[in-house]
Amino acid sequence: MARPVQYNNKVKTVEIPEGYSGEGFYATSFDKVIGLARKNSIWPLPFATSCCGIEFMATMAATYDMARFGAERMAFTPRQCDLLMVMGTISKKMGPIVRQVYLQMAEPRWVMAVGACACSGGIFDTYSVLQGIDQVIPVDVYVPGCPPRPEGIIDGFMKIQDLVGQESLRRRNSDRYKELMEAYGIK
């Protein structure tokens with residue numbers, strides 16, 4: 001007796017950028033091709049200090065497997081990463097270190113604040129805890145929760161992918177971006 005074959009009907013394929021296709025070729029803009037490549041090959045740098053780090057470990061494990069979204073390679077060196085994922089409580093003494101790690105990352109770089117502590121200081125409204133990492137570095141996506149579920153972390157990662165895929169190659173050279181960096185004291 002043959003076993004019934006089950007097909008996964010929920011497979012998502014990558015949307016090809018709009019362009020012109022003919023027999024044997026496809027033409028589109030360079031921005032869209034670069035965005036598609038960057039979007040599906042993000043190398044995250046986890047900066048975990050508390051319980052959100054444990055949830056991140058669960059997110060990378062087999063049940064949720066963030067590698068499905070192009071984050072196959074976790075790197076623990078800032079010079080090889082695109083995405084800084086700050087998870088957990090950041091004390092004011094740790095703020096300059098987070099900033100130094102951010103500055104060591106190559107452009108283009110993105111930041112995701114994971115958990116209530118990284119987003120806003122969480123329940124620790126004290127003199128020693130940084131009330132959100134956006135006081136020291138610019139943040140692209142906030143993932144709320146104490147600690148956030150792996151589904152929330154994956155949703156935040158997918159929002160980063162959307163940002164990366166739609167970003168223009170020239171955005172980092174714009175006056176608005178330079179003003180933002182200068183507001184944080186970054187040149």
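In this predicted model, the count comes to 1 cavity of 30 Å³ or more. The largest cavity holds about 30 Å³ of space. Its lining is formed by Cys-51, Cys-52, Gly-88, Ala-116, Cys-117, Gly-145, Cys-146 and Pro-147. By class, these lining residues divide into 6 nonpolar and 2 polar, with no charged residue.

The UniProt annotation "binding site", from an unreviewed entry, covers Cys-51, Cys-52, Cys-117 and Cys-146. These residues are spread over 96 residues of sequence, yet they cluster in space, with a largest C-alpha distance of 10.0 Å. Of the annotated residues, Cys-51, Cys-52, Cys-117 and Cys-146 are included in the lining of the largest cavity.

Two of these cysteines may be considered individually. Cys-51 is located in helix α2, which comprises residues 51-60. Because its relative accessibility is 43%, which lies between the limits of 20% and 50%, Cys-51 counts as partly exposed.

Cys-117, in turn, belongs to helix α4, residues 116-120. Its relative accessibility is 9%, and therefore Cys-117 counts as buried, the cut-off being under 20%. Leaving aside residues up to four places away in sequence, Cys-117 touches Gly-88, Thr-89, Gly-122, Phe-124, Leu-130 and Gly-132.

Technical notes
Residues numbered from 1 in each chain as written. Predicted model: local features only at pLDDT ≥ 70, side-chain atom pairs only at ≥ 80, totals over all residues. Heavy atoms only, no water. UniProt positions renumbered as here; feature names shortened; annotations may be inferred. 1 Å grid on protein atoms, 1.4 Å probe; cavity = no way out; pocket = protein on both sides within 12 Å on 5 of 7 lines; lining within 4 Å. Helix = DSSP H or I, 4+ residues; strand = E, 2+ residues; numbered from the N terminus. Buried < 20%, exposed > 50% of the residue type's maximum accessible area, 1.4 Å probe, protein only. Contact = heavy atoms within 4.5 Å. Points joined across faces, edges and corners; volume = space filled by probe spheres on them. Nonpolar A, V, L, I, M, F, W, Y, C, P; charged D, E, K, R; others polar.
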